[in-house]
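Hi,

Here is the structure I promised to pass along. Have a look at it first, and my notes follow below.

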Amino acid sequence: MLTLYHYDHCPYCVKARMIFGIKNIPFQLKALLYDDEATPHSFIGAKMLPILKTEKAYMPESLDIVRYIDDHFQTPLVDWKEDNRLSEWLRSCGGTHYFLAMPRWVQTSLEEFKTSDSKDYFQKKKEGHIGSFSEALKNTKNLIEKMEKCLKELEILLQNKNKYWASQLSVNDFHLFAYLRMLSVVKGISFPEKVSSYMKTLSEESKVPLHYSIAC
């Protein structure tokens, strides 16, 4: 059976997971502790996830995994054309989602953070990118206000769409759902109706649950 090694919080891992649920492909989902360097190194020579184990090889890179599964199992579904409007929206929002999500992930009971060592490893590594987690948490009000402004802009972009970003499932849906799912761990953030509906629909289709139940 296909095995996908992942971190539950990781947006890149979310992208890889989505295609299995959407196409109802049987697979085993296996989480690794975040400080486990040995396992991914033994597979691909680097500490990175997701990694897909097939009968013949280990495959890294989220979109490579999506493309492999889409091409090799059932009729291909994914339109690979990137939409510049979504790309621009993602750029304009910057890294606000990381400042909100990262300090909260280590407070959850996700499998990759089951030990204090794994939490410490993650925090030390990510604080090198965004700065102090405690400072980010103190700035929650301002960060949420900034993010909610971005979400209102996204709501406008979604107004004339049905369940997907385009007329069919596309790479844009993998990008956007993975981004929005990160925000579902943030308690107190308000999602506009169209954005919330989009998240719910993609979560149900992909069988990747949102993190509302562990939001903090």
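Let me start with a question: is His-211 buried or exposed? Please keep in mind that this is a predicted model. With a relative accessible area of 5%, His-211 falls under the 20% cut-off, so His-211 counts as buried. You will find His-211 in the segment that follows α10 (193-206). Leaving aside residues up to four places away in sequence, the contacts of His-211 are Asp-8, His-9, Leu-110, Arg-181, Ser-184 and Val-185.

Now to the sheet. Four strands form an open sheet in the order β2-β1-β3-β4, and the pairing is mixed. At the edges stand β2 (28-31) and β4 (58-60); each has a single partner strand, so one side of each lacks a neighbour in the sheet. On average, neighbouring strands here are turned by 25° against each other, ignoring direction.

The pairing of β1 (residues 3-6) with β2 is parallel and involves 4 bridges. Within this pair, Leu-4 of β1 stands opposite Leu-29 in β2.

Two helices are worth a look alongside the strands. Helix α1 (residues 11-22) packs on the sheet, where α1 touches β1, β2 and β3 (51-53). The direction of α1 makes about 155° with that of β1. Helix α3 (residues 62-72), for its part, lies across β1, β3 and β4, and α3 runs at about 125° to β4.

Happy to go through any of this with you.

Best wishes

Technical notes
Residues are numbered from 1 along each chain as its sequence is written. This is a predicted model: local features need pLDDT of at least 70, side-chain atom pairs count only at pLDDT 80 or more; totals for chains, interfaces and linings use all residues. Side-chain values use heavy atoms; hydrogens and water are left out. Buried means under 20% relative accessible area, exposed over 50%, partly exposed in between (1.4 Å probe, protein chains only). Contact means heavy atoms within 4.5 Å. Two strands pair if DSSP finds at least two bridges between them. Axes are lines fitted to C-alpha atoms, for helices over the stretch in contact, and angles run from 0 to 180 degrees between N-to-C directions.
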